[in-house]
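Welcome! Let us take a friendly tour of some side chains and how they are arranged.

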Amino acid sequence: MVVSLRSWVANEGGKHLVLMLWLGANTWLFLKTFLLYSTGQQYHYLYKMLGLSLCISRASASVLNLNCSLVLLPMCRSLLTFFRGTHTVSSRKTRRLLDKSKTFHVACGVAICIFSVVHVSAHLVNVVNFSVSYSDEFPALNLALPGITGVLLVLILFLMFTSSSYCVRVSNYEIFWYTHNLFIVFYIILMVHMVGGALKYQTNIEAHPPGCLRANQSSAEQQGKELDQGEDEERRCREEAHFQPHYPQTWLWVSGPLCLYCAERFYRYIRSSHPITIVTVIRHPCDVIELRMLKKNFKARPGQYILLNCPGVSSFENHPFTLTTCPTENKETFGIHLRVVGDWTERFTRLLLPQPRMDLEILPMVQQRRYPNDGWTGFRLQRLYFVWVCRELQSFYWFAELLCALHHKLWQENRPDYFNLKLYLSRTDNLQSMSEEKYRPLTSRLLVGRPRWKLLFDEIGKTNKHKRVGVFCCGPKGISRTLHRLCNSARTSGTTFEFNKESFS
């Protein structure tokens with residue numbers, strides 16, 4: 001499949017630009033620190049003793065400082081939501097980048113794990129070099145006992161990394177939650193990790209230039225050749241070399257993001273502390289529950305989502321759900337559709353449907369995706385293509401009444417072509433039809449089999465030549481990957497498809 005450069009730039013350009021900037025910053029910081037420790041005069045004697053392992057350990061430490069400061073920023077959801085709704089972020093590309101914040105968080109976490117392995121390995125080589133190259137001339141340079149902080153950091157990072165795997169998060173979310181919140185202890189230890197560190201630098205370079213002659217040493221002994229007395233005096237050390245450990249600088253990198261994240265978490269806790277009222281619970285076919293809820297001073301717009309927390313099920317699990325009903329001027333309730341597919345949803349449904357308890361509290365933490373009021377000026381939706389793929393016919397009943405109501409409304413407004421609806425029933429066994437008279441508009445648009453996405457894209461491209469078409473995907477990864485690939489493919493119509501996926505960042 002040929003890739004269109006214009007479509008690729010529209011869909012992937014911003015993401016890859018941020019990736020290149022991030023990789024460039026990591027590479028530049030690594031090389032800068034590596035050269036500093038390999039050529040810097042203050043590290044002459046230390047480098048002579050340890051060699052390249054010194055440079056690698058310190059260069060990897062600099063990269064770790066950078067990523068430990070960046071990894072917290074994508075998790076400041078309220079702050080990202082605020083920027084997403086300001087007038088400065090009016091570009092759809094920028095909003096899509098903000099929706100990828102969780103991906104950037106994972107990338108920084110992987111970088112922390114990789115460079116931690118490099119850092120620890122280099123320090124193990126340093127320990128060997130210290131024991132082999134023990135210096136009698138500069139005893140202050142020799143390594144003391146290794147710090148316990150490094151061992152604790154490696155242990156905490158290992159627990160956080162292993163518990164972040166998909167299988168652990170799915171099977172036991174609370175393990176992931178508990179171990180991931182060890183990041184607070186991790187950062188506290190990290191900020192004091194270099195206190196009384198083993199690696200030291202020379203402080204009196206002017207009085208003791210690296211390689212100068214000490215009082216009991218002649219130039220012939222050092223160079224292996226004869227020099228005159230004047231030059232010998234010029235190269236003689238005025239005092240002995242003095243060394244001291246590095247002052248901890250990690251806190252300069254991480255204290256700002258850490259304080260920002262803690263303030264963010266406190267704000268989210270306050271905002272989510274007010275319980276909501278469940279107005280209606282509706283059971284739909286195929287194990288789907290619809291919740292209609294009410295919360296004071298709650299404002300939302302279509303496309304937003306909430307994080308639902310139920311202490312009666314789990315005090316720590318927060319699950320995102322897209323709002324399927326938003327509050328309006330005439331109706332203050334909002335709603336979600338919840339499919340019972342896991343242990344959390346099963347226990348949550350059992351609490352709701354049999355006999356709702358009076359002491360049950362459901363605390364939603366709302367991630368509002370605000371849009372500037374005038375950011376969409378001049379933007380008018382000309383046509384809407386709605387493609388819905390389900391395995392069972394009963395699944396279409398979830399929003400059947402809403403779709404039929406929208407169909408009748410558009411026909412009354414003499415805009416029948418505005419809403420193009422296609423329903424696909426992927427399971428071909430036990431075929432049925434929506435026989436109810438009120439669902440006739442849906443029956444005529446019901447197709448059996450899977451959609452032929454390429455033909456569908458070509459059809460839409462021919463209808464919208466040389467235009468931009470937004471593609472919004474809410475579904476499994478297989479369909480998402482197919483649509484993403486088709487959006488980047490080249491077309492004779494010149495249409496640019498901008499891919500968007502439902503994101504709970």
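## A charge over a ring

Let us begin with Arg-415, whose charged end sits over the ring of Tyr-418, 4.7 Å from the ring's centre. Keep in mind as you look around that this is a predicted model.

## Aromatic pairs

How are the rings of Trp-344 and Phe-348 arranged? Their centres are 5.0 Å apart and their planes lie at 25°, so this pair is stacked. Helix H14 (residues 343-352) holds both Trp-344 and Phe-348, which are 4 residues apart, about one turn of the helix. Trp-344 is buried, at 2% relative accessible area, and Phe-348 is buried too, at 1%.

## A cluster of rings

Ring pairs can also join up into a group. Phe-386, Trp-388, Phe-396, Trp-398, Phe-399 and Phe-419 are linked into a cluster in this way.

## One side of a helix

Finally, visit helix H5 (residues 92-99), and look for Arg-95, Arg-96 and Asp-99, which are buried. Why do these three lie on the same side of H5? Because they cover an arc of only 100° around the axis.

Conventions: Residues are numbered from 1 along each chain as its sequence is written. This is a predicted model: local features need pLDDT of at least 70, side-chain atom pairs count only at pLDDT 80 or more; totals for chains, interfaces and linings use all residues. Side-chain values use heavy atoms; hydrogens and water are left out. Buried means under 20% relative accessible area, exposed over 50%, partly exposed in between (1.4 Å probe, protein chains only). Helices (H or I, at least four residues) and strands (E, at least two) are DSSP runs, numbered from the N terminus. The arc is that of the directions from the helix axis to the C-beta atoms. Rings of Phe, Tyr and Trp (its six-membered ring) pair if their centres lie within 6.5 Å; planes under 30 degrees apart count as stacked, over 60 as edge-to-face and the rest as tilted. A charge sits over a ring if NZ of Lys or CZ of Arg is within 6 Å of the ring centre and within 35 degrees of the ring normal.
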